[in-house]
Amino acid sequence: MNDTSARTRLRTRTTVSNRGGRTPTVAFIPPSCCGAGYFRGLRRALGERVDFRAVELPGHGRRYREVLLTRAEPVMADVTAQLGGRVDAIYGESLGSYIGLAAAASIRQRPYPLLIAASNSPPSVRERIRTEELRSLDGAVATLTSMGGEIPAEVLRTPELAERLHPVIRDDLHLSQSFIDLTRFMTTAGDIQVLAGADDDASVRLESWADHTTGRCEATVLPGGHLLSADDPSGVAEVIVALLTSRRS
């Protein structure tokens, strides 16, 4: 895969065709331990080119007072309600890519929504998470890191912040396992575009996302690490716009 030429080719297409006057709607599902505010930079980079529909999970971001959920089924009911109808694409990053897969597979609209899965190996090749190790903060952080996730170092150096974050890390990892179980053999009829950071874990198995679609599956490598849209929001934005443009032309 020549990621430099792919990046250059994608970046040349910077506008979305508004056939029929409709701006394409894209849902954005954040990674573990993040609220919808995580996408602030990406939202600015996209501007008015898409109808930006950010998903906020219970216990995260603006919904921090709500109970964290650890099972996929109630989360899917919540996410479906937030989507609120037709979407042209679903962008999910890390844990968000698994939630995005389940959401895309459940949508019966035509054309099927494009799933943009970022920064993660697919559920089909994931080993089980050792949930017994999540009882301590160190164990939870080590497990998240082993899966490619990131916790800012300054958070872990502040005991009060780290202790407050432990339940979020722990419960999001339980939720990750629940979504791995739910989607391990799940397929969507829509296409899948996989995005990965060039500096992310080399063991990420991008090609295996093809097992989760009866349509096409392609992969693109961008500069950045696991938290791809935080590292390179402009680059991710241009890829999203280019994908939507190619689908509408």
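This is a predicted model: local features need pLDDT of at least 70, side-chain atom pairs count only at pLDDT 80 or more; totals for chains, interfaces and linings use all residues.

**Exercise 1.** Determine how many cavities of 30 Å³ or more the structure holds, and state the volume of the largest.

*Solution.* Step one is the count: two cavities of 30 Å³ or more are present.

**Exercise 2.** Describe the lining of the largest cavity by residue class and by helix.

*Solution.* Begin with the residues themselves, which include Ser32, Tyr98, Asn120, Arg126, Met147, Leu173 and His226. Next, sort the lining by class: five residues are nonpolar, six are polar and one is charged. Finally, turn to the helices: helix 4 (95-106) and helix 7 (159-183) each provide at least two lining residues.

**Exercise 3.** Describe the lining of the second largest cavity.

*Solution.* The residues are Pro31, Ser32, Ser94, Leu144, Gly149, Glu150, His226 and Leu227. By class, three of the lining residues are nonpolar, four are polar and one is charged.

**Exercise 4.** Is helix 4 mostly covered or mostly uncovered, and what covers its buried residues?

*Solution.* First consider length: helix 4 has twelve residues and spans 17 Å from first to last C-alpha, close to the expected 16 Å. A residue counts as buried when its relative accessible area is under 20%. By this criterion, eleven of the twelve residues are buried, and helix 4 is mostly covered. Among the buried residues are Leu95, Tyr98 and Ile99. The covering elements include strand 1 (25-29), helix 3 (72-83), strand 3 (89-93), strand 4 (114-118) and helix 7.

Technical notes: Residues are numbered from 1 along each chain as its sequence is written. Side-chain values use heavy atoms; hydrogens and water are left out. On a 1 Å grid over the protein atoms alone, a cavity is a set of points where a 1.4 Å probe fits but cannot get out, and a pocket is an open set with protein on both sides within 12 Å along at least five of seven lines; lining residues have an atom within 4 Å of a point. Grid points are joined across faces, edges and corners, and a volume is the space filled by probe spheres set on the points. Helices (H or I, at least four residues) and strands (E, at least two) are DSSP runs, numbered from the N terminus. Ala, Val, Leu, Ile, Met, Phe, Trp, Tyr, Cys and Pro count as nonpolar, Asp, Glu, Lys and Arg as charged, and the others, Gly among them, as polar. The expected span of a helix is 1.5 Å times one less than its number of residues. Buried means under 20% relative accessible area, exposed over 50%, partly exposed in between (1.4 Å probe, protein chains only). Contact means heavy atoms within 4.5 Å.
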